[in-house]
Amino acid sequence: MKAIVLEEPGKSAIKEVELPPLKEDEVLLRIVTSGICTNDVRDFNGECNYSYPRIGGHEYCGIIEETGSNVNSRCIVKGQKAVTYIIDDCKICYYCKHGEENICEGLPQTKTFQNPDGLSGYGGFAEYVICKANDVFIYPKDVSFETMAFTEPLACVVNSIHRTDIQFGDDVLVIGGGAMGLLHVMAARLKGARVILSEPLEQRRNKALGLGCHAVIDPINADAVQEVKKLTEGRGARIVFNTTASPAVAKQAVEMTAPGGTCVMFSSLHPNDPVQVNMGAVHSYQITVTGAVSPTIKAYQQSTLLLGKGLLDPTPLIEGIYDYRDFDAAMKAAAKTESYKVLLKFGE
């Protein structure tokens, strides 16, 4: 098969890569569409400590091309549209047994991140990927591949939502109006919240309003903390989702959280500098500060259902669609500050 191999930071090439034999409990997925994640951009720039050579891409979807001899043919058959759970969870550690397979103890040591003997990576920037049948999620045949490519990003957002207890009528603040921030906006609306977005780019604020956001704040030309409090009778937002990578904004996110509220650090920080938080206020006002990373299996299933049933339409967040042979151009587009989601096409 052909694959986009990242040989070293900033240097990629389309190469022929041999697929291993299909095992009895595995499925061969022919990839049609793959999204480019911010982490793929960091991979490309050498900002992650993963081993090279590497095949990135974890936001992929496609068609089942072949199934192993022990795969349940009542559930999974050739020709179905599908995505796969991308976390290489061990299924036996404490966290996997505790329903937190997204923070599996063994994950950092898997070939996803480190492989001194060959290729590392999720493998989604290629024509095919082999996966365990029990990691497969099936889509209705009328759902577009462009929609399906948002399964993993939306699943990350669903997991983030699960870290809170959003109630009908709650004030929810989303900080950052990129693709992940706007997915938070749409998901929080589905939970019955009034949603506020803090975002410096006017075009993104307007996009958010078009997607149903109730109010927007320009943090460059106004005091964002005070603006949030003005909108919430002086309390702050009951739920805050910080989708930005700035340590300074992370500090501000806690200040925007109402007494008794929850602040979710959805994004990793770059640079990962210590954040000074008023722990006295966290204590006195019973503020919960938590993180959210990667999707659980439950979040993946719910993402598939939201997209498969048309309950959430992510396609307004598509910045552009590129042939995989134009990978460098696609990566440049994805790396732009103002970009939303860039997709790669491997076929139909």
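How far from the buried Glu-152 is the nearest side chain of opposite charge, and which residue carries it?

## A buried glutamate without a partner

In this predicted model, the nearest side chain of opposite charge to Glu-152 is that of Lys-341, which is 6.7 Å away.

Glu-152 belongs to helix α4, which covers residues 151-162. Once its neighbours within four places in sequence are set aside, the residues in contact with Glu-152 are His-58, Glu-59, Ile-86, Pro-295 and Tyr-300.

## Helix α5 and its surroundings

Helix α5 is made up of 12 residues, 179-190, and its first and last C-alpha atoms are 17 Å apart, which is close to the 16 Å expected at 1.5 Å a residue. Because 9 of these 12 residues are buried, α5 is largely enclosed by the rest of the structure. The buried residues include Leu-182, Leu-183, Val-185 and Met-186, and also His-184 and Gly-181.

The cover over the buried residues of α5 includes helix α4, in which Glu-152 is found. Also among the covering elements are α6 (202-210) and the strands β8 (171-175), β9 (194-198), β11 (237-242) and β15 (341-345). Just after α5, Gly-192 adopts a positive phi of about 85 degrees.

## Salt bridges elsewhere

In general, side chains of opposite charge can pair when their charged atoms come close.

One of these pairs joins Arg-238 to Asp-165, with an N to O distance of 3.0 Å. Since Arg-238 lies in strand β11 and Asp-165 in the loop between α4 and β8, the pair ties together parts that are 73 residues apart in sequence. Arg-238 is partly exposed, at 24% relative accessible area, and Asp-165 is likewise partly exposed, at 37%.

Within helix α8 (residues 247-255), Glu-255 and Lys-251 are 4 residues apart, and so are separated by about one helical turn; their side chains meet in a salt bridge of 2.7 Å, N to O. Glu-255 is partly exposed at 36% relative accessibility, as is Lys-251 at 34%.

Glu-7 is partly exposed, with a relative accessible area of 24%, and Lys-15 is partly exposed at 36%.

Notes:
Residues are numbered from 1 along each chain as its sequence is written. This is a predicted model: local features need pLDDT of at least 70, side-chain atom pairs count only at pLDDT 80 or more; totals for chains, interfaces and linings use all residues. Side-chain values use heavy atoms; hydrogens and water are left out. Helices (H or I, at least four residues) and strands (E, at least two) are DSSP runs, numbered from the N terminus. Buried means under 20% relative accessible area, exposed over 50%, partly exposed in between (1.4 Å probe, protein chains only). Lys and Arg count as positive and Asp and Glu as negative; His and the chain ends are not counted. A salt bridge is a side-chain nitrogen of Lys or Arg within 4 Å of a carboxyl oxygen of Asp or Glu. Contact means heavy atoms within 4.5 Å. The expected span of a helix is 1.5 Å times one less than its number of residues.
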